[in-house]
Amino acid sequence: MRSVTVPIFGSHATVTDAAGQPVTCDVMPNPFVGNYPGQAVAPYHAMFSARVAAFGLAVFSVAVDNATRAVPAQSVSLDNGLLRLDFDAGSGLLARVTNTAAGNLSSALHHAFYYYEPSQIDGKGAGAYMFRQNHSLPDGSNITCVNNCRAKLVVYQGATVSEAHQVVA
(Lines give C-alpha, C1' and ligand atoms only; values in the text may rest on other atoms or scores of the structure.)
Protein backbone atom coordinates (compact mmCIF):
# COMPACT_ATOMS: atom_id res chain seq x y z
CA MET A 1 0.00 0.00 0.00
CA ARG A 2 1.19 3.48 -0.85
CA SER A 3 0.03 6.71 0.69
CA VAL A 4 -1.27 9.25 -1.83
CA THR A 5 -1.53 12.97 -1.08
CA VAL A 6 -3.50 15.27 -3.39
CA PRO A 7 -3.63 19.05 -2.78
CA ILE A 8 -7.24 20.29 -2.84
CA PHE A 9 -9.09 23.60 -2.47
CA GLY A 10 -12.05 22.21 -0.50
CA SER A 11 -12.34 20.94 3.07
CA HIS A 12 -13.96 17.61 2.08
CA ALA A 13 -13.14 15.07 -0.62
CA THR A 14 -14.61 11.80 -1.82
CA VAL A 15 -12.26 9.33 -3.51
CA THR A 16 -13.35 6.44 -5.74
CA ASP A 17 -11.28 3.81 -7.53
CA ALA A 18 -11.53 2.87 -11.23
CA ALA A 19 -14.48 0.55 -10.49
CA GLY A 20 -16.37 3.39 -8.77
CA GLN A 21 -15.89 1.91 -5.29
CA PRO A 22 -15.32 4.42 -2.46
CA VAL A 23 -11.83 4.66 -0.97
CA THR A 24 -11.30 5.76 2.64
CA CYS A 25 -9.90 9.29 2.56
CA ASP A 26 -8.82 11.90 5.12
CA VAL A 27 -8.64 15.63 4.48
CA MET A 28 -6.03 17.49 6.53
CA PRO A 29 -5.01 21.16 6.59
CA ASN A 30 -1.94 21.99 4.51
CA PRO A 31 0.75 23.17 6.96
CA PHE A 32 2.52 25.13 4.20
CA VAL A 33 -0.31 27.60 3.52
CA GLY A 34 1.07 31.13 3.90
CA ASN A 35 4.68 30.12 3.24
CA TYR A 36 4.54 31.07 -0.45
CA PRO A 37 3.37 34.70 -0.82
CA GLY A 38 1.80 35.46 -4.17
CA GLN A 39 1.23 31.80 -5.03
CA ALA A 40 -2.01 29.86 -4.85
CA VAL A 41 -1.40 26.99 -2.43
CA ALA A 42 -4.16 24.47 -1.77
CA PRO A 43 -5.30 24.86 1.86
CA TYR A 44 -5.99 21.12 2.29
CA HIS A 45 -4.57 17.70 1.38
CA ALA A 46 -6.69 14.67 0.55
CA MET A 47 -4.85 11.54 1.73
CA PHE A 48 -5.65 7.92 0.98
CA SER A 49 -3.95 4.56 0.57
CA ALA A 50 -3.59 2.90 -2.84
CA ARG A 51 -2.33 -0.48 -3.96
CA VAL A 52 -0.36 -0.22 -7.20
CA ALA A 53 1.59 -3.10 -8.74
CA ALA A 54 5.23 -2.53 -9.70
CA PHE A 55 5.32 -0.61 -12.99
CA GLY A 56 1.54 -0.56 -12.76
CA LEU A 57 -1.17 1.99 -13.04
CA ALA A 58 -4.05 2.82 -10.71
CA VAL A 59 -6.83 5.28 -11.49
CA PHE A 60 -8.69 7.22 -8.80
CA SER A 61 -11.23 10.02 -8.94
CA VAL A 62 -11.22 12.81 -6.34
CA ALA A 63 -14.38 14.91 -5.91
CA VAL A 64 -14.06 18.02 -3.73
CA ASP A 65 -16.65 20.02 -1.78
CA ASN A 66 -16.53 22.33 1.24
CA ALA A 67 -18.26 20.28 3.94
CA THR A 68 -16.23 20.01 7.14
CA ARG A 69 -14.54 16.66 7.68
CA ALA A 70 -11.22 16.69 9.55
CA VAL A 71 -11.42 17.94 13.11
CA PRO A 72 -8.64 18.49 15.62
CA ALA A 73 -8.29 15.58 18.02
CA GLN A 74 -8.48 16.08 21.77
CA SER A 75 -5.65 13.59 22.34
CA VAL A 76 -2.01 14.63 22.50
CA SER A 77 -0.73 11.20 21.43
CA LEU A 78 -0.31 9.67 18.00
CA ASP A 79 -0.08 5.90 17.59
CA ASN A 80 0.29 4.02 14.29
CA GLY A 81 0.77 0.56 15.83
CA LEU A 82 4.56 0.78 15.49
CA LEU A 83 5.39 4.04 17.27
CA ARG A 84 3.53 6.21 19.75
CA LEU A 85 4.37 9.91 20.02
CA ASP A 86 3.32 11.65 23.23
CA PHE A 87 3.20 15.44 23.32
CA ASP A 88 3.30 17.62 26.43
CA ALA A 89 -0.12 19.30 26.56
CA GLY A 90 1.27 22.37 28.31
CA SER A 91 4.24 23.17 26.07
CA GLY A 92 3.05 21.52 22.83
CA LEU A 93 6.45 19.84 22.40
CA LEU A 94 7.21 16.16 21.79
CA ALA A 95 7.85 14.54 25.19
CA ARG A 96 8.16 10.77 24.60
CA VAL A 97 8.60 8.29 21.74
CA THR A 98 7.55 4.69 22.36
CA ASN A 99 8.36 1.80 20.02
CA THR A 100 5.22 -0.31 20.51
CA ALA A 101 6.39 -2.87 17.94
CA ALA A 102 9.44 -3.64 20.11
CA GLY A 103 7.52 -4.22 23.33
CA ASN A 104 6.91 -0.61 24.41
CA LEU A 105 10.57 0.45 24.38
CA SER A 106 10.30 4.10 25.39
CA SER A 107 12.49 7.20 25.43
CA ALA A 108 11.71 10.52 27.10
CA LEU A 109 12.69 13.65 25.16
CA HIS A 110 13.38 17.26 25.90
CA HIS A 111 13.75 19.54 22.94
CA ALA A 112 13.30 23.20 22.14
CA PHE A 113 14.06 25.67 19.38
CA TYR A 114 16.72 28.32 19.98
CA TYR A 115 18.24 31.29 18.19
CA TYR A 116 21.13 33.68 18.82
CA GLU A 117 21.58 37.34 18.05
CA PRO A 118 23.85 37.85 15.00
CA SER A 119 26.90 40.08 15.20
CA GLN A 120 28.06 42.90 12.95
CA ILE A 121 31.84 42.47 12.69
CA ASP A 122 33.43 44.97 10.28
CA GLY A 123 30.02 45.44 8.65
CA LYS A 124 29.79 41.72 7.88
CA GLY A 125 26.79 40.19 9.56
CA ALA A 126 25.64 36.66 9.93
CA GLY A 127 23.84 35.16 6.95
CA ALA A 128 22.77 31.94 5.32
CA TYR A 129 26.20 30.29 5.61
CA MET A 130 27.91 32.65 8.08
CA PHE A 131 27.08 31.98 11.71
CA ARG A 132 28.59 34.85 13.70
CA GLN A 133 27.10 35.18 17.14
CA ASN A 134 26.91 38.56 18.85
CA HIS A 135 28.83 37.09 21.76
CA SER A 136 29.54 33.53 22.69
CA LEU A 137 29.37 32.16 26.20
CA PRO A 138 30.73 28.67 26.96
CA ASP A 139 27.57 27.65 28.83
CA GLY A 140 25.28 28.68 25.96
CA SER A 141 23.36 31.13 28.14
CA ASN A 142 23.39 33.77 25.40
CA ILE A 143 20.98 31.86 23.17
CA THR A 144 17.24 32.45 23.43
CA CYS A 145 14.48 29.85 23.40
CA VAL A 146 11.87 30.64 20.74
CA ASN A 147 8.40 31.50 22.10
CA ASN A 148 9.47 30.68 25.68
CA CYS A 149 10.07 27.04 24.63
CA ARG A 150 6.42 26.51 23.74
CA ALA A 151 4.66 25.45 20.54
CA LYS A 152 1.05 25.65 19.43
CA LEU A 153 0.07 22.00 18.88
CA VAL A 154 -2.87 20.72 16.85
CA VAL A 155 -3.26 16.95 16.39
CA TYR A 156 -5.49 15.67 13.57
CA GLN A 157 -6.66 12.07 13.50
CA GLY A 158 -8.58 10.55 10.62
CA ALA A 159 -9.36 7.07 9.37
CA THR A 160 -6.06 6.66 7.49
CA VAL A 161 -3.85 9.58 8.56
CA SER A 162 -2.77 11.10 11.87
CA GLU A 163 -0.77 14.35 11.92
CA ALA A 164 0.69 16.68 14.52
CA HIS A 165 1.17 20.31 13.51
CA GLN A 166 3.45 22.44 15.68
CA VAL A 167 3.78 26.20 15.28
CA VAL A 168 6.86 27.41 17.11
CA ALA A 169 7.13 31.13 16.30
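**Entry 1: a strand pair.** I began with β7 and strand β8 (residues 83-87), which pair in the antiparallel sense over 3 bridges. I looked for a facing pair of residues here and found Leu78 opposite Leu85 in β8. I note that this is a predicted model.

**Entry 2: the sheet around that pair.** I then asked which order the strands of the open sheet follow. I read it as β7-β8-β9-β10, 4 strands with antiparallel pairing. Next I checked the edges. β7 (77-79) and β10 (105-108) stand there, and each has a single partner strand, so one side of each is left without a neighbour in the sheet. I also looked up the twist, which averages 15 degrees from one strand to the next.

**Entry 3: strand β4.** Is strand β4 (residues 25-29) largely enclosed or largely open? I counted burial, taking under 20% relative accessible area as buried. In β4, 4 of the 5 residues are buried, so the strand is largely enclosed by the rest of the structure. I looked up its pairing too: β4 and strand β5 (residues 44-50) pair in the antiparallel sense over 5 bridges. Within this pair, Met28 stands opposite His45 in β5.

**Entry 4: confidence.** The mean pLDDT of the protein chain is 79. I noted that 77% of its residues reach 70 or more. Which element has the lowest mean pLDDT? I found strand β13 (residues 124-125), at 64. Strand β3 (residues 22-23) has the highest, at 91.

Definitions and conventions: Residues numbered from 1 in each chain as written. Predicted model: local features only at pLDDT ≥ 70, side-chain atom pairs only at ≥ 80, totals over all residues. Heavy atoms only, no water. Pairing = 2+ DSSP bridges. Helix = DSSP H or I, 4+ residues; strand = E, 2+ residues; numbered from the N terminus. Axes fitted to C-alpha atoms, helices over the stretch in contact; angles between N-to-C directions. pLDDT = per-residue confidence, 0-100. Buried < 20%, exposed > 50% of the residue type's maximum accessible area, 1.4 Å probe, protein only.
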